[in-house]
Amino acid sequence: APNNPQFRTLYIRRRTQLLRENAKKEKVDPNARRQYLYVRKQLLSKRYGPTESSQLSSRSASTYSRLSSFDTSFDSLLVDPADISLGHSPNRPTHRRYHSSGSFKFLPPPDKIESPPRGVVPTKKAEASRKMAGNTTLGENYAFGGMYHIFDQHAKAVTAIKFAHDDKYRLACSSNDATLSVCLLMPTPPSVLCTLRGHLAEVTDFDWSVTNSFILSSSLDSTCRIWNPLSGKCLRVVADSQSCGVTACRFQPCNNNMFLTGNHKGHINVFNTSTGKNFKGGTGKVSSGVYCMEFESSGMVLWVGDEKGCIYSFCFDISSGRLQKSKRINVSEGNPVTSIVYRSWISREARDPMVLVNACNDNLCLYSVTDNVGDLRLKARFPISQKSQNIRSSFCPLMSFRQGACVVTGSEDMAVYFFDVQRDDKPCVNKLMGHSSPVLDVCWNYDESLLASCDMEVRLCRSRE
């Protein structure tokens with residue numbers, strides 16, 4: 001679809017997600033590649049007609065060549081031979097595979113495997129990748145063309161905003177006026193699809209389910225609610241086990257029939273979405289009030305930020321819903337941690353799992369995940385203005401083909417900042433002005449065509465890239 005570049009963007013995003021999941025496996029199933037090729041051939045045959053060979057079981061060179069020609073064209077979107085230094089002879093026929101170590105490996109055709117594969121290293125030239133990305137710099141890529149739309153349906157500050165998963169034009173936001181709203185940015189003019197009413201106090205946090213079928217919200221009225229985002233109907237009300245204000249909530253990413261909440265007293269609870277009941281053993285405790293929480297993409301590690309400036313990691317048992325405290329990381333003594341965001345791979349140069357953290361110490365912090373139980377190591381700090389407000393930040397969602405990788409954050413000085421996490425000198429690549437009060441949250445749609453930001457002045461803004 002040459003006239004629809006968003007399909008290429010979606011393909012790259014999906015393929016990258018699959019590669020990341022495959023990289024997490026301790027052992028690579030040797031049958032996975034063969035099964036992948038079989039399914040892929042069936043899809044190609046259905047779309048473009050049958051090929052000369054109707055069976056994939058034969059490992060002949062002609063069959064392999066025909067299939068690998070498709071893979072070469074698609075895989076070039078991720079790594080181009082012009083952009084890497086090979087660790088073996090260039091005359092040997094090669095085939096690309098993603099290895100469990102998280103790096104790209106080149107393997108010869110199945111009938112010519114002679115020795116274990118050797119690794120490849122991205123170079124700084126990356127001409128093919130930069131051409132594919134439009135030959136623009138990181139700063140040019142995040143230069144915006146102006147305001148797209150402003151919503152002002154809420155009576156008090158908008159505290160959090162999130163686009164629906166893999167949705168370009170549907171956005172939800174929560175407010176201190178005890179309501180949430182779901183907005184549609186297309187067709188024009190943008191409109192409010194529905195308002196979610198029922199909470200009796202400020203809505204502190206919310207989360208979309210993986211399929212976007214539900215919205216989970218938490219409030220200082222000591223309840224969580226599950227909503228239908230199309231009709232605005234409240235489907236379930238779950239009271240906090242300690243009867244105090246609920247400050248954070250998340251769906252379990254691998255099992256949306258579970259959700260977690262954190263409250264002002266530092267208690268974490270795991271609930272069954274269908275019944276609203278607490279799981280046996282599904283409780284945890286941190287030293288002070290919970291401010292935010294975030295899951296690792298596999299759902300096996302949970303990070304919780306508290307009021308005293310610490311992050312706690314918990315191991316989560318998906319089968320039983322049990323929580324086990326693992327690590328404690330001191331971010332900023334006495335300053336609340338207001339936002340935690342996880343990303344497993346943000347660019348070719350930054351492949352380690354990363355956690356982005358906001359705390360009330362005038363810094364945006366970037367941590368690398370060092371083990372499978374959620375321990376963190378500080379990699380960089382970026383200066384922003386944050387002393388008392390619950391500021392949130394976000395990774396830019398697309399894997400970057402350029403050198404560098406961007407994060408975006410709100411700030412109390414009424415600006416939206418973009419930082420290149422790979423740049424030591426002058427990391428700020430852009431600064432958006434236009435808000436007239438502290439910017440509390442920012443979020444992207446899945447293809448980075450729209451950035452949403454919200455502030456304390458009862459309005460919600462969109463910027464078009």
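Where does P189 lie?

A: The model is predicted, so local features need pLDDT of at least 70 and side-chain atom pairs count only at pLDDT 80 or more, while totals for chains, interfaces and linings use all residues. Residues are numbered from 1 along each chain as its sequence is written, and side-chain values use heavy atoms, with hydrogens and water left out.

P189 lies in the loop between β8 and β9. Strands here are DSSP runs of E with at least two residues, numbered from the N terminus. T188 and P189 are joined by a cis peptide bond, with omega about -5 degrees. P187 is found in the loop between β8 (179-184) and β9 (191-197), and the peptide bond that leads from M186 to P187 is cis, with omega near -5 degrees.

Other loops hold backbone features of another kind. In the loop between β13 (234-239) and β14 (246-251) lies S243. The phi of S243 is near 55 degrees, a positive value in a residue other than glycine. S243 counts as exposed because its relative accessibility is 60%; exposed means over 50% relative accessible area, buried under 20%, and partly exposed in between, with a 1.4 Å probe and protein chains only. M414, in the loop between β27 (406-409) and β28 (415-420), has a positive phi of about 70 degrees although it is not a glycine. M414 counts as partly exposed because its relative accessibility is 32%.

On the surface, K285, K308, K325 and R328 gather in a patch of positive charge. A patch is made of residues with over 30% relative accessible area and no salt bridge, with like charges joined within 9 Å and nonpolar side chains (Val, Leu, Ile, Met, Phe, Trp, Tyr) within 5 Å. A salt bridge is a side-chain nitrogen of Lys or Arg within 4 Å of a carboxyl oxygen of Asp or Glu. K285 lies in strand β17 (residues 278-285). K285 counts as partly exposed because its relative accessibility is 36%.

Key. Accessible areas come from the Shrake-Rupley method with a 1.4 Å probe; for residues, only the protein chains shown count as cover. Lys and Arg count as positive and Asp and Glu as negative; His and the chain ends are not counted. The place of a charge is taken as NZ of Lys, CZ of Arg, CG of Asp or CD of Glu. Helices (H or I, at least four residues) and strands (E, at least two) are DSSP runs, numbered from the N terminus.
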